[in-house]
Amino acid sequence: RVMCAALGLSASGYYAWRARPESLRAQTNRALTDDIRLIHAESSGTYGAPRIHAVLRGHGRRVGRSRIERLMRRAGIRGLAAVPRRTRTT
């Protein structure tokens, strides 16, 4: 109650929010994050958002790349940066 008063919220509103079921969007984001973690782990941590997006599209999942990027940022998942290649001429 003290925290609700400090934040300017009603205690009844807080408890109503706590009892509310998880939204459909939050459920799909959680499932998509689990799939992203799995694909990232299968690639030994190398795949970033573009490749994960391609894998999901290959599996028939229609999801935007920006959504994948956002979920990866929130979960702290990062792909490895490309190593610049030197061209050598002989």
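Q: Where is S44 found in this predicted model?
A: S44 is found in the loop between α3 and α4.

Q: Is S44 buried or exposed?
A: Over 50% relative accessible area counts as exposed. S44 has 64%, so S44 is exposed.

Q: Where do glycines take a positive phi around α4 and α5?
A: G60 follows α4, and its phi is positive, near 90°.

Q: How do I read the packing of α3 and α4, and at what angle do they pack?
A: Start with the axes. They are 10 Å apart, and the helices pack at an angle of about 110°. An angle of 65 to 115 degrees counts as roughly perpendicular. α3 and α4 are therefore roughly perpendicular to each other.

Q: Which residues of α3 and α4 meet?
A: From α3 come L32, D35, I36, I39 and H40. From α4 come I52, V55 and L56. By class, the contact has 6 nonpolar residues, 1 polar and 1 charged.

Q: Which residues of α4 are buried, and how are they placed around the axis?
A: Begin with the helix repeat. An α-helix has 3.6 residues a turn, so residues three or four places apart point the same way. In α4 the buried residues are A49, I52, H53 and L56. They cover an arc of only 105° around the axis, which puts them on the same side of α4. The cover over these buried residues includes α3 and α5.

Q: What is exposed on the other side of α4?
A: R51 and G58 are exposed there.

Q: How is I52 placed, buried or exposed?
A: I52 is found in helix α4, residues 49-58. Its relative accessible area is 0%, so I52 is buried.

Q: Which residues is I52 in contact with, leaving aside its neighbours within four places in sequence?
A: I52 is in contact with I36, I39, H40, Y47, I68 and M72. Take I39 as a case of sequence separation against distance. I52 and I39 are 13 residues apart along the chain, and their C-alpha atoms are separated by 6.7 Å.

Q: Where does H40 lie, and what does H40 touch?
A: H40 lies in helix α3. Under 20% counts as buried. H40 has a relative accessible area of 14%, so H40 is buried. Not counting residues up to four places away in sequence, H40 touches G45, T46, Y47, I52, I77, R78 and G79.

Q: Now α5. At what angle do the axes of α3 and α5 cross?
A: The axes of α3, residues 24-42, and α5, residues 65-75, cross at roughly 80°. They come within 10 Å. α3 and α5 are therefore roughly perpendicular to each other.

Q: Which residues make the contact of α3 with α5?
A: On α3 they are R25, T28, N29, L32, T33, I36 and R37. On α5 they are R67, I68, L71, M72 and A75. The classes are 6 nonpolar, 3 polar and 3 charged.

Q: Which residues of α5 are buried, and which are exposed on the face turned away?
A: R67, I68, L71 and M72 are buried. They cover an arc of only 135° around the axis, which puts them on the same side of α5. These buried residues pack against α3 and α4. The face turned away carries the exposed residues S66, R73 and R74.

Q: What makes up the largest nonpolar core?
A: Look for buried nonpolar residues joined through side-chain atoms within 4.5 Å. The largest such core has 11 residues: L32, I36, I39, A49, I52, L56, V63, I68, L71, M72 and I77. The elements that give two or more residues to this core are α3, α4 and α5.

Q: What does L32 touch, not counting residues up to four places away in sequence?
A: L32 touches L56, R61, V63, R67 and L71.

Q: Where does V2 lie, and how far is V2 from T28?
A: V2 lies in helix α1, residues 2-7. At 71% relative accessibility, V2 counts as exposed. V2 and T28 are 26 residues apart in sequence and 34 Å apart in space, C-alpha to C-alpha.

Technical notes
Residues are numbered from 1 along each chain as its sequence is written. This is a predicted model: local features need pLDDT of at least 70, side-chain atom pairs count only at pLDDT 80 or more; totals for chains, interfaces and linings use all residues. Side-chain values use heavy atoms; hydrogens and water are left out. Axes are lines fitted to C-alpha atoms, for helices over the stretch in contact, and angles run from 0 to 180 degrees between N-to-C directions. Helices (H or I, at least four residues) and strands (E, at least two) are DSSP runs, numbered from the N terminus. Angles under 35 degrees count as roughly parallel, over 145 as roughly antiparallel, 65 to 115 as roughly perpendicular and the rest as oblique. Contact means heavy atoms within 4.5 Å. Ala, Val, Leu, Ile, Met, Phe, Trp, Tyr, Cys and Pro count as nonpolar, Asp, Glu, Lys and Arg as charged, and the others, Gly among them, as polar. Buried means under 20% relative accessible area, exposed over 50%, partly exposed in between (1.4 Å probe, protein chains only). The arc is that of the directions from the helix axis to the C-beta atoms.
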